[in-house]
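Here is a friendly walk through one structure, a piece at a time. Keep the picture open as you read.

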Amino acid sequence: MTAIVELTDVTKRYVQGSVEVMALRGLTFTVEAGEFTAIVGPSGSGKSTALNLIGALDRPTGGVVKVEGRNLAEMGARALSQLRRDRIGFVFQAYNLMPVLTAYENAEMVLALQGVDPAERRERVVKLLADVGLAGLEQRRPEELSGGQQQRVAIARAIASDPAIVLADEPTANVDSETAESLLALMEALNQRRGVTFLFSTHDARVMERARRIIRIVDGRVESDEKKPAHPQQPGTGVPAG
Amino acid sequence: MAWRNVWRNRRRSVVTISAMAFGLWVMILYAALMDGYVQGMERGILDLEVGDLQIFPEKFRENPTLWTTIEDPDALLEPLVSQGFSASGRVLAFGLVAAGEASAGVSFRGVDVERDATITKVQDEVARGEWLDPADPKGVVIGRRLAKMLAVDVGDELVVLTQGIDGAMAYDLYNVRGVLRGIADATDRGGVFLNESALRELVSVPEGVHQIIVRRPADLALDLAAGEVRGVAPDLDVQTWKQLMPTVASLLESTQGIMLAMFVVMYVAIGMLILNAMLMAVFERIRELGVMKALGVGPFEVLRLILLECGIQVGIAVAAGLSLSLPALAYLSTSGIDLGALAGTSVLGIAMEPIWRAAVSTGVFTKPVTVLVVIVGIAVLYPACKAAAVQPVEAMRHH
Ligand SMILES: Nc1ncnc2c1ncn2[C@@H]1O[C@H](COP(=O)(O)OP(=O)(O)OP(=O)(O)O)[C@@H](O)[C@H]1O
Ligand SMILES: [Mg+2]
């Protein structure tokens with residue numbers, strides 16, 4: 001197995017005015033291809049901070065963050081921007097989508113940025129939206145979609161460019177628990193059928209249960225890291241969006 | 001995407017675009033009217049009355065006498081013409097004209113018809129009858145008010161009385177060949193144009209002129225032109241029209257100053273509006289811009305997006321402002337504003353035209369549009385850079 005993400009003794013200090021916060025205090029773990037991993041921990045423990053560092057959205061105060069073997073500290077802003085575009089998929093908690101673009105256009109966005117030719121783009125995006133259970137809703141604007149459907153579009157966009165890893169910071173925090181279940185089922189299916197590597201943070205115990213590995217962070221350090229055997233039950237796919 | 005972004009806050013965009021379009025419309029009409037006013041005044045002054053520069057014999061202006069002349073005008077005219085100027089000499093005299101019971105003091109202007117046409121357009125301002133013709137030595141053209149005062153019109157006879165250079169009374173009969181439109185007070189009330197040779201004969205001044213009127217090449221600034229003319233005529237009294245008519249000159253200058261001030265005020269207001277609108281457009285979307293940056297959209301692409309959004313609005317505003325200004329300009333430049341009660345009055349001795357018309361030139365459009373684009377470009381720079389510099393992590397901490 002190849003390590004997609006490698007964190008070694010990562011620290012992050014935020015300074016806001018005279019207040020200093022040590023958000024991460026020596027975080028070390030690796031994520032390998034094909035994993036379906038949850039980062040959990042109390043509020044303020046550093047989950048979002050860790051995901052932001054892995055996603056090259058921020059730089060650590062100390063330690064080394066590597067994505068696909070490349071040390072992010074050695075890359076310039078432009079290279080990081082390209083890395084995000086080509087190798088990392090993002091799903092945020094909410095307001096993920098461009099409100100003026102349709103579901104189709106949102107899902108297509110990263111491919112368009114990459115300069116993928118329109119015909120191929122069209123083919124991939126239509127299939128992708130069908131895969132996430134949104135066939136027929138391509139022309140809707142985000143405001144015409146439910147919260148769960150919006151997150152499905154975000155997931156479609158995140159995996160559209162076949163990234164090495166999809167980072168999802170509390171992707172289910174803004175939807176009801178039933179919808180959360182179905183989103184997780186979708187992510188799981190994508191993980192199993194397409195081999196997409198997921199690293200997501202969550203507070204939700206039911207969501208946690210679906211993960212095959214749970215990294216628990218407390219006070220900016222890994223407190224526990226458990227792997228479960230492969231999930232016995234067959235994941236539900238194509239569940240209508242919640 | 002930029003196009004759709006412009007319309008997401010429809011009301012704000014409509015207000016912004018309307019304000020820009022309205023501002024542009026006002027500035028275009030204002031510029032055209034001001035140009036029309038200034039051109040009208042300048043034409044009254046420069047084309048019909050004084051020219052750009054005048055050369056007098058030394059002391060003539062303090063004490064205009066027949067024998068104070070520029071003795072050899074050709075020696076000046078030739079070098080001036082070869083340097084690109086137009087110039088023509090005039091013989092001047094004062095006297096009395098009478099018709100029936102009425103009489104009036106007048107100034108005679110003896111002109112070399114062919115040459116004078118290169119320095120004045122007064123020949124185009126004949127309201128009735130015709131301009132001078134060397135073949136008609138007894139024909140004279142007189143000012144509008146003078147004709148009224150004497151109750152004469154084209155074809156009527158005028159008795160002319162003056163003093164010759166020898167001090168003897170000179171007396172002759174002439175015919176009114178033409179009556180001018182309103183030009184300037186002095187000409188309207190007391191201007192009598194006649195052939196140079198006829199006036200020379202009347203006042204017995206066989207050679208020399210009292211005044212040379214000079215027009216400069218269009219691309220030569222007045223001060224530089226004055227310098228060149230002084231070089232050609234070092235011993236003579238060279239005056240620019242601004243020196244000859246200082247109050248009019250300062251009036252016209254202040255008109256342009258007022259116009260500039262109007263422009264500045266108007267455009268500063270528009271600039272602030274744009275700055276504000278685009279700042280709002282950026283800040284209310286800061287999270288969205290953060291997401292874009294996170295997805296790998298580069299700062300220049302964000303900058304371009306914001307500039308494009310602004311550009312679309314300016315484009316619509318320019319199109320609207322221009323197309324709305326066309327019918328208004330068409331009206332103002334043909335029908336114009338009827339000054340009604342003011343008609344026939346004069347400002348500082350220059351006849352106001354009864355109808356104030358706009359002057360339409362490309363500058364009337366290009367200047368306001370250019371200034372608008374530049375001001376908006378400056379105003380949008382800050383919000384656009386702000387947007388380009390958005391840090392995804394911070395942007396997404398905004399709820
Ligand atoms: N940009 C920032 N400036 C200052 N402090 C910050 C910043 N971002 C995070 N922090 C602080 O760092 C610590 C870790 O924050 P982080 O958002 O990573 O926690 P979290 O585990 O994601 O919490 P939650 O479960 O509430 O999302 C918190 O104390 C937080 O207040
Ligand atoms: Mg968090």
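## First, what "buried" means

A residue counts as buried when its relative accessible area is under 20%, and as exposed when that value is over 50%, with partly exposed in between. Keep in mind that this is a predicted model.

Is B:Ala277 buried or exposed? With a relative accessible area of 8%, B:Ala277 is buried, because buried means under 20%. Leaving out residues up to four places away in sequence, B:Ala277 touches B:Arg12 and B:Thr16. Its C-alpha is also 10.0 Å from that of B:Ala379, though B:Ala277 and B:Ala379 sit 102 residues apart in sequence.

## A buried arginine in chain B

Now look at B:Arg177, in strand β7 (residues 169-180) of chain B. B:Arg177 has a relative accessibility of 16%, so B:Arg177 is buried too.

What does the side chain of B:Arg177 make a polar contact with? One partner is the side chain of B:Asp136, at 2.9 Å. A polar atom of the B:Arg177 side chain also lies 2.6 Å from the backbone oxygen of B:Trp131. Setting aside neighbours within four places in sequence, B:Arg177 is in contact with a whole list of residues, including B:Arg128, B:Gly129, B:Glu130, B:Leu132, B:Val140 and B:Val154.

## The sheet in chain A

Over in chain A there's an open sheet of four strands, in the order β2-β1-β4-β5, with antiparallel pairing. Its edge strands are β2 (19-32) and β5 (70-71), each of which pairs on one side only.

Zoom in on β1 (residues 3-16) and β4 (residues 62-67) of chain A: they run antiparallel and are joined by five bridges. Here A:Glu6 stands opposite A:Lys66 in β4(A).

Helix α5 of chain A takes in residues 147-160, 14 residues in total. From first C-alpha to last it reaches 20 Å, close to the 20 Å expected at 1.5 Å a residue. Twelve of those 14 residues are buried, so α5(A) is largely enclosed by the rest of the structure. Among the buried ones are A:Gln149, A:Arg152, A:Val153, A:Ile155 and A:Ile159. What does the covering include? It includes β6 (88-91), α3 (103-114), α4 (118-131), β7 (165-169) and α6 (177-194) of chain A, plus α11 (286-294) of chain B. Just after α5(A), A:Asp162 takes a positive phi of about 50°.

Helix α2 (residues 77-87) of chain A has its own buried residues: A:Leu80, A:Ser81, A:Leu83, A:Arg84 and A:Arg85. Their cover includes β4, β5, β6 and α3 of chain A, together with α11 of chain B.

## Around ligand 1

Why is the site of ligand 1 shared between chains? Residues from chains A and B surround ligand 1, so both chains take part in the site. Of the 15 residues around ligand 1, the nearest are A:Ser43, A:Lys47, A:Ser48, A:Thr49 and B:Arg397. In chain A, β1, β2 and α1 (47-54) each supply at least two residues of the shell, and α1(A) gives the most, with three.

At A:Ser45, a polar backbone atom lies 3.3 Å from an oxygen atom of ligand 1. The protein covers 76% of the 630 Å² of accessible area that ligand 1 has on its own.

Methods. Residues numbered from 1 in each chain as written. Chains lettered and ligands numbered in written order. Predicted model: local features only at pLDDT ≥ 70, side-chain atom pairs only at ≥ 80, totals over all residues. Heavy atoms only, no water. Pairing = 2+ DSSP bridges. Expected span 1.5 Å × (residues − 1). Buried < 20%, exposed > 50% of the residue type's maximum accessible area, 1.4 Å probe, protein only. Contact = heavy atoms within 4.5 Å. Near = heavy atom within 4 Å. Polar contact = N/O pair within 3.5 Å; in protein donor to acceptor, adjacent residues only side chain to side chain. Areas by Shrake-Rupley, 256 points an atom, 1.4 Å probe, with all protein chains shown as cover.
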